[in-house]
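Biologist: I would like to learn how to read a model like this one, step by step. Could you take me through it, giving the general idea before each case?

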Amino acid sequence: MEQIVNNSFKTQEYFVNMGPQHPAAHGVLRLLLTIDGEIIKNVEPDLGYIHRSIEKMCERDSYQQIVHLTDRMDYLSSHINNEAVCLVVENALELEVSERVKVIRTIISELTRLASHQLWWGVMGMDVGALTTYFYAFRDRELINDIFEETCGARLTMNYNIPGGLMFDIHPNFVKRTKEFIAHFKKKLPEYDRLLTGNIIFQKRTKGVGVLTKEDAISFGVSGPVGRGSGFANDVRKYHPYSAYDRVEFNEALFTEGDSFARYRVRIMEMWESMSIIEQLIDDIPEGDYLTPTKAVIKLPKGEYYQKVETARGELGVYINSTGTKNPYRLKFRSPGFSNLSVLNHISKGGKIADLVATMASFDFVIPDIDR
Amino acid sequence: MSYFSDIYNGIKTLLTGMTVTGNYFIHARKGTLTQQYPDNRETLKMFDRFRGEVIMPHDEQNEHRCTGCQKCEIACPNGSIEIIWDRGIDPDTGKKKKKIDKHIYHLGMCTMCGLCIEACPTDAIVWAQNYENSVYDRKYLTRVLNQPGSIVKAGIED
Amino acid sequence: MNITLSITKTINDWLFSIMPEGVASITVMVIIALAYLALFAVAGLYLVLLERKVAAWFQLRLGPNRVGPFGLFQTMADALKLVSKELTSTDRIDKFLYNLAPYFVIVASLIALSVFPFSKQFQAFDINIGVFFLIAISSIGVIGILLAGWSSNNKYALIGAMRSGVQTISYELSVGLSILTMVLLTGSLQLSEIIEVQRTGGWLILQGHVPAVIAFMIFMIAGTAETNRAPFDLVEAESELGAGFHTEYSGMKFAYFFLAEFINMFIIASIAVVLFFGGWLSPFGITEGITWFPEVIWFMIKVLMIIILMMWFRWTFPRLRVDQLLTLEWKYLLPLNLANIVLMAVMIWLNWTI
């Protein structure tokens, strides 16, 4: 009897395409969903819509010219990407940059991280339905864009770090503007909490949704806030410090639940920590050169070099294999989004489509980072 | 009874959220950040270091500072600069010297990275500050940066 | 009908004098229907503009302000655009139902508008079961949504229509029960009687204090859910799949759905104003004696306040998921509503109302 009932009510799975152009996907990502009613059975991402062969172009360019291509990979943390390539080249040449450069690079990286997390917060609110958060986030982000525009000249693709230091010195207004921004944002971040974090509808949408256990996080290789939301302590700034991170004190944001709400809280806490790092460094930037001169044609000695940095999405690794010529023989980027995306299928099974949207928002994908 | 405390907590958080947006609604007059763009072109000024497009400034005697050394062409990552040069007789020393014929700049391909401006030894090219670069025909995006003029002499070669 | 203005009285008498009795009364009804239609089509359009401006003020920007002063002609432009669009339709739709569905929705909304008392003399249809009629008519709108989703031959539209249908039927229950709570106080279903009770005794939300406030809150939540507005607009949310049940519609038919949503919002706000906040009465009876003009203005002001409250909900809160929506209704709102009715009945029996 039971079998007859089950057979007659058997539902059929069908394919739905959350296509490349979609109001909720953060870029051109195509997801093939197999759903049964409302429950998701399988998620298959289809990448490559914005592949621009950056790694191949880097094999043709000299080392100073590689840096401007990394701006366009993960465009929300462009300074940090530039810094990664500059650190590889400087470590390979065994070049010591001045203290001033290190401190300025750290401050600018933290400002970039803040800007990226602000945009993430706005988009996360928009994805779950609160449409005003987008505007509040962009209002605050414009201040950081103004700081960058005054110093570097550009708002998104900065190209300010070059191997050996910075392209030109910081603007005299930089310190003043950064301090004003910190004072302004310290009052606004509790407002973000009141609007979205404490909201019971938002908590019900994100608690218990898309749970990623710590063992799965380690075995899939996730990094960044996604891993830290599951209890996997993987902050590159703490365990493999670079630039000026060894002389500042900050806490690592670590939560153990592994659901979307934990990832959300990790990023909010990271915003507070970034502000505290900037405050520790902004007052005494040491004097010195802003550029250690290198030869006009940089040739790395033969060998393999690797450097990892912590972007706003996770661990970005730059691997260069050089045969002594002026172009790298092979350059590879280990992008954080690629490993984070691989976990999406595993944690969305059994959830609903609305849960998938909330999970993807909490992962904070930037698709050009995945596709390069 | 967690049922009632759930309801009470829920309503309290919802009202807190509403006060945040309500505040912005009440102060909507002075809080708006909208810039009425096409009307405010006169007062809209970019920062000094803004990267608009690459230009070659000419002074009053229609002279520029480009020696045709091709360093910017080598530094550009994707070939947005093409230098057409020829050799001419330098009137002072009588030796053959490079001089620039045309400095072609493809605005359509430029990624605004700034490497050419850093590479130039004589500060011949600088950033302009215009932000409205769209044209109706693609051929207007290929610009020749030097006007018919000559080179400023003193101190350029050092 | 009880319209006693002098203009309408002269038209009324003139028509009765030149035509036989039955034809004249039908002509009068047709004229009144056309007047309401025109008035509320325009009102719907201006509600759209109000929504855009209010949304902009919440989001730190200006709304439409270029087309006409303060953007007043913006919806005219939008309406012209919608009217001039091609009425596309896909391949294997069910033609009859596809064309019929928008009419269900818009007709239900417009019928429900006829019973509202905008002023003492301005009420098209004052029957003695006014409130009951309203609840019954709003149930007809669901049919339009389900037909639209089914006949579009599009699985996203079908999912959206099913969800929307479930949502609307569930929340109608809460709307009906919270209206019932207030009817207990007035003792009559006729809308003009309800306002009479409020003129002498004060607004109903003050008369029945604790249960009336609870009933108002439940009514607002259920009312926004009934009209498929945020935070309950999973049906038509863009970040979900497609645009819900009206994906396949374009041009004038889409305009019907769109307009019907705003008129539904107006209806819910009007019910709230009539039942809780005294209809067209002025607070403390300031402009008591003057005939129809201030009363209509008071009614409009109160309705606008409630509409801005509903828009405030929309632009602040995230969306609820479908199962959370249904949990909210059946596990929280319905038991609270029933307990509230008992509480109100007890209070009336013990004479504790103000």
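Modeller: Let us keep in mind that this is a predicted model, and begin with a single residue. To decide whether a residue is buried or exposed, one counts the other C-beta atoms within 10 Å, and 20 or more make it buried. Asn159(A) has 25 C-beta neighbours inside 10 Å, and therefore counts as buried.

Biologist: Where does Asn159(A) lie, and what is its phi?

Modeller: Asn159(A) is found in the loop between α6 and β4 of chain A. Its phi is positive, at about 50°, although Asn159(A) is not a glycine.

Biologist: And Asp123(B), which also has a positive phi although it is not a glycine: is it buried or exposed?

Modeller: For the exposed class the cut-off is 12 or fewer neighbours. Asp123(B) counts as exposed, because it has 11 C-beta neighbours inside 10 Å. The phi of Asp123(B) is about 55°, and the residue sits in the loop between α4 and β5 of chain B.

Biologist: How many C-beta neighbours does Tyr140(B) have inside 10 Å?

Modeller: Tyr140(B) has 12 of them, so it counts as exposed. Tyr140(B) belongs to the loop between β5 (126-127) and β6 (142-144) of chain B.

Biologist: Why is α3(A) described as largely enclosed by the rest of the structure?

Modeller: The reason is that eight of the eight residues of α3(A) are buried. The buried residues of this helix include Tyr63(A), Ile66(A), His68(A) and Leu69(A). What they pack against is α2 (54-58), α4 (78-93) and β4 (161-162) of chain A, together with α4 (115-119) of chain B.

Biologist: That last partner brings in another chain. How many residues of chain A are in contact with chain B?

Modeller: There are 19 residues of chain A in contact with 21 residues of chain B. On the side of chain A that touches chain B, α3 (63-70), α6 (133-151) and α7 (174-197) each supply at least two residues. Sorted by class, that side of chain A has five nonpolar, eight polar and six charged residues.

Biologist: What does the contact of chain C with chain A look like in the same terms?

Modeller: This contact takes 21 residues from chain C and 22 residues from chain A. On the side of chain C that touches chain A, 11 residues are nonpolar, four are polar and six are charged.

Biologist: How should I read a pair of packed helices?

Modeller: Two packed helices are described by the angle between their axes and by the distance between those axes. In chain C, helix α10 (residues 209-226) packs with helix α13 (residues 322-349) at an angle of about 150°, and their axes are 9 Å apart. Because of that angle, α10(C) is roughly antiparallel to α13(C). Their crossing is left-handed. Among the residues that make the contact are Ile214(C) and Ile218(C) of α10(C), and Leu336(C) and Met344(C) of α13(C). The contact of α10(C) with α13(C) has 11 nonpolar, two polar and no charged residues.

Biologist: At what angle do α4(C) and α6(C) cross?

Modeller: Helix α4 (residues 95-112) and helix α6 (residues 141-151) of chain C cross at roughly 160°, and their axes come within 8 Å. The two helices, α4(C) and α6(C), are therefore roughly antiparallel to each other, and the crossing is left-handed. The residues that meet include Leu97(C), Phe104(C) and Val105(C) in α4(C), and Ile145(C), Leu147(C) and Trp150(C) in α6(C). By class, the contact of α4(C) with α6(C) has 13 nonpolar, four polar and no charged residues.

Key
Residues are numbered from 1 along each chain as its sequence is written. Chains are lettered from A and ligands numbered from 1 in the order in which they are written. This is a predicted model: local features need pLDDT of at least 70, side-chain atom pairs count only at pLDDT 80 or more; totals for chains, interfaces and linings use all residues. Axes are lines fitted to C-alpha atoms, for helices over the stretch in contact, and angles run from 0 to 180 degrees between N-to-C directions. Helices (H or I, at least four residues) and strands (E, at least two) are DSSP runs, numbered from the N terminus. Angles under 35 degrees count as roughly parallel, over 145 as roughly antiparallel, 65 to 115 as roughly perpendicular and the rest as oblique. A crossing is left-handed if the near helix is turned anticlockwise from the far one by less than a right angle, and right-handed if clockwise. Two residues are in contact if their C-beta atoms, placed from the backbone, lie within 7 Å. Ala, Val, Leu, Ile, Met, Phe, Trp, Tyr, Cys and Pro count as nonpolar, Asp, Glu, Lys and Arg as charged, and the others, Gly among them, as polar.
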